[in-house]
Amino acid sequence: MSNLIFGKYRFGRYIWAGSIPKSGSGPGPEPTDVSYIPGLVQVIFFNKDGTKTAIFSNDTENLPFKELSFEINENGCSNGKLVFNKFPSFTEIRYGQRIDVYLFGDNRPWWSGTVLTRPDSGGTADKFEITCHGLYEKLDKIMLFGKEYKNVDIAAIVKDIARTVEANTGIVYNDSKIYNVGYSVTHIKFDGVSAKEALDELSEFALNFIYGVDEYREFYFKQINEDINEEARIWVGTHCSGFEPSQSIDKLYNYAKIKGAALDESGEQWLCEVEDKESQEEYGRSEAVLSLPSAYDAADAQRWGEYQITSNSQPKLSAKLSGLWLPYPKPDGVFWVRRLSPDGQAAITDLDGNLRKYPITKIKYTVSGDKGIKCDLELGQQPEPPISDYFLKLHRNSKNNELMQQAANEQLKGGNV
């Protein structure tokens, strides 16, 4: 397979520079403006100023890339990979350069990310791989210092952090995509933590909220949608080729004691404890110690802890779905495409005729010359391999202990709390 050829369609070209038009109220057109083209794929590279440096399209002869894959999860655009047959000498590919992907001729991007690693020319390799990640990952590279909030609504804190992020990244602040929570944090402080770590906690304080960066590079903070995603009503064997459901109680806990930043009269940092007695009766008592380094007030820790218990006191249901068929005809015969997002729940009718509902965790697209555009889904919380889970916990515990000690030292020195 030397290149991606699905047929001859419009837009096949390379472009060296071009301007990006300013959008109006939103960065993309309404779905009514969309017309899909079977199999068409475009990958566009951009300069920092928004001008295009190159366009690769699979209706172009001698297309240099061999395979394309990218992922979308609940935090927005995630990992991406572009494999070239030959090094693209006609364009300079730089670290951090923005890449947008368009599928089926859609004039709205399906994924947007930046270059993380790139190959060098002059070697003996017969293929060249560029790895990318979504702008969401940049939230891990922006550090917050001395950010202290008292009796402030969570959404206002999120907006403050989002403005800080926008000033230092390509992530766009859009006030309309940050939704009110209706809960004010009593006392919380972020000092020496990343924007991602802070937003993780704030989304949990808000209860059932999620944050991320979408395909338009805009930051969002919204309530998790538990309604059925109509694009994700799927019959196994009709709309997809593979479906593997599973369940696990490996990470279940139903009692937790929560450690925070404030020291009590005994010099301890315990803020509260939470439990689910019904889960204990059903599955036995399973205990955990949870750390919340930014919290100084027991009421905040109690709210956060109750959410953690609610989320983790029942078995985790998950599934993997493969070979999802995306194109379909509308009633009037117009070619249409199932465009999925992680918003809402998937409704899967299995081979026994049972309806199963899962949160949409990850959508993975793979584009290749022999298989065209392929889509796979991960639903629910997937079990982690033991070694990956071990290192993740090790890192998290180390970071939490560091922040707890930092907060305790500040109080012992008579610092403001």
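**View 1. D350, a buried residue of the predicted model**. With a relative accessibility of 8%, D350 counts as buried, because buried here means under 20% relative accessible area. D350 is found in a loop, which runs between strand 22 (345-349) and strand 23 (355-368).

**View 2. The surroundings of the D350 side chain**. From its place in the loop between strand 22 and strand 23, D350 extends its side chain to the backbone nitrogen of N354, at a distance of 2.8 Å. When residues up to four places away in sequence are left aside, D350 touches V236, F243 and R356.

**View 3. Two buried cysteines, C132 and C240**. C132 has a relative accessibility of 5% and therefore counts as buried, the limit being under 20%. C240, for which the relative accessible area is 5%, is buried as well. A search for disulfides, carried out over the whole structure, finds zero.

View 4. Among the contacts in the chain with a separation of 6 or more, 70% are accounted for by residues 24 or more positions apart. The accessible surface of the chain comes to about 20800 Å², and carbon and sulfur atoms hold 48% of that surface.

Note on methods: Residues are numbered from 1 along each chain as its sequence is written. This is a predicted model: local features need pLDDT of at least 70, side-chain atom pairs count only at pLDDT 80 or more; totals for chains, interfaces and linings use all residues. Side-chain values use heavy atoms; hydrogens and water are left out. A disulfide is a pair of cysteine sulfur atoms within 2.5 Å. Buried means under 20% relative accessible area, exposed over 50%, partly exposed in between (1.4 Å probe, protein chains only). Contact means heavy atoms within 4.5 Å. Accessible areas come from the Shrake-Rupley method with a 1.4 Å probe; for residues, only the protein chains shown count as cover. Helices (H or I, at least four residues) and strands (E, at least two) are DSSP runs, numbered from the N terminus. A polar contact is a pair of N or O atoms within 3.5 Å; within protein, one must be able to donate a hydrogen and the other to accept it, and residues adjacent in sequence count only if both atoms are side-chain atoms.
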